Amino acid sequence: MPSGNGRRSREDFDEDDEEERIQYGIRRARREVSWEYRDSSSLAPVQVMEQEMYHYTAESMLQMGVVLGHVLALLSTIHQYYKATLLRWANSSIATVMERSAVRVRQLLQRCKDSMDRLYFSIIWILAYGELAWLYAEDLSIYVRRRHRFQPERNRTINGISRRDCYTFFGISPNQLELLFRHWRIPDQFRSPARHVFSGEECFIIYLHHLMRGSPFTEMARLEFGGDPRYFTLMFNAMNDHLYETFYHKISGVSLNQWLPHQATHFRRLIYDTLQVGAIRETRHDREGDIVRQDLIRFDFDFDSFRIIGFLDDTGIPTARPGDDARRRGDIEVDVQRSFYSGYFRSHGFKCQVVYLPNGLIGSAFITEMRQNDNGVQNMSGLNNYLLRLLRDTGLGDFVGGLLPALYCDGIFTLLPTIVPRYVGNPSQFERLLNIRMASVRQVIEHVFADHHNFFRLFWVPRYLRMMSQGVQIRRMSLNSFFIQNCLYCLNGTRCRVFGQLPPTLDEYLPLNEVLPPPPAVDLGDVWDFNA
């Protein structure tokens, strides 16, 4: 029944008016049709070719039918002429004289009639074939479909997600999910630039699921969450901006202030003890390949001169190619694609510099374009200068020559006051063995990169990361992913068991009463969003 205000509700349409469920229209190319109607209301390239073929066949058949119609009209005129001639001869006095000619005319009349019958059948067949081709073309041109109805919303609250689904979606328990929600300081509501209002809980769930599972929004709406997937992008961006603007200095900027310099000695001790436990096994073989001697080489470091407090390395995050044109829009001479392309990775994307601390957390992350090499990223980040300001005049520079604690890294980096690369060039026997021993401990940061790859499946699909139109959001999401990785380490443990250490708890990493500084007031739109 109609509602009290005189307007018909959706239920009224569903029950009373079947035609309201039906839509008619012209099919267009797939790129011009929204996702939910592409199967029923769009044309694939092959179908466009078929449609053109049907139109050409219908037009050709109709033209041929018209030509044959003219021929049929001519034969009909001849048939009428022969018939009138025979009638005139039969009513005249010369009928007996023209008997032989009349027989010939009757034969021609019969042949003409037979030709007309065959031609008439051909015209009917050709026109029917053309009409059939035209109907096929119309079937590809006009769609008749039911109106799309989104599924009811579900799994939009933490309490509404079962324990099994929580482990499937996020890899953590519902209690841990609630802990994340509370420590991330998520507001009750988010308001999008288009003035849509979403609850903080549903934005939190949609954001985590899309980032960790990598499922497209259409699939998430159909299988897990229901509702209109067009709003999922607004939810995702709102949550992405909240994490970046709230916890920027927990993963970048001055994030190392939380751990340094007061835990520098503790970090040195963890790495030092790990090196003291292991040893290098050196094996010698004879010409037949048999072992003739085995030695265990242990390094006895002096802790007072041991400087390493963490590890430094870079990794890449591939993304979609930034646009089809190599030049920036607006006649500005900037090679966009080359700026984000790496010949080493053979892809476009971001380069991420990560500092890993032996307490099990990522101390700092810095993200720039993939074109830069590791040493160039360090120069851009200013990491060495930041550590100098952080560690100088703290009483920690009592090493030989007044050296400061430092990060250990790969050989591509330059030797700096707070950054120590492995020995390169032509190392001595001792330096070579020292490289081997340190590499066995430094590999923990490679496992951290593997964890990042396994945690966040959205990065498995670079075509989803469109820097040309969403450059700012993609960079923020990449930085936020390392922050979320730290939170997961606090909940589920981390690689710090190599150092015999337990990771900090979420309360230690993100105290609820901590006053967090805002991110840098820098507008990256002109730099990272080339569609602006």
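Which helix gives the largest share of the lining of the largest pocket? The legends below take up this point and others, for a predicted model.

**View 1. The largest pocket and its centre.** The largest pocket in this predicted model has a volume of about 830 Å³. Its lining is made up of 21 residues. Closest to the centre of the largest pocket are Phe217, Thr233, Tyr464, Arg466 and Gln470.

**View 2. Helices around the largest pocket.** At least two lining residues come from each of helix H8 (217-225), helix H9 (232-247) and helix H16 (467-492). H16 has the largest share of this lining, with five residues.

**View 3. Residue classes in the largest pocket.** Sorted by class, the lining of the largest pocket holds 10 nonpolar residues, seven polar residues and four charged residues.

**View 4. The second largest pocket and its centre.** The volume of the second largest pocket is about 480 Å³. Its lining consists of 19 residues. Nearest the centre of the second largest pocket lie Ile308, Tyr408, Val420, Tyr423 and Leu434.

**View 5. Elements around the second largest pocket.** Two or more lining residues are given by strand E16 (419-421) and by helix H14 (429-442). H14 gives the most to the lining of the second largest pocket, namely four residues.

**View 6. Residue classes in the second largest pocket.** In the lining of the second largest pocket, 13 residues are nonpolar, three are polar and three are charged.

Methods
Residues numbered from 1 in each chain as written. Predicted model: local features only at pLDDT ≥ 70, side-chain atom pairs only at ≥ 80, totals over all residues. Heavy atoms only, no water. 1 Å grid on protein atoms, 1.4 Å probe; cavity = no way out; pocket = protein on both sides within 12 Å on 5 of 7 lines; lining within 4 Å. Points joined across faces, edges and corners; volume = space filled by probe spheres on them. Nonpolar A, V, L, I, M, F, W, Y, C, P; charged D, E, K, R; others polar.
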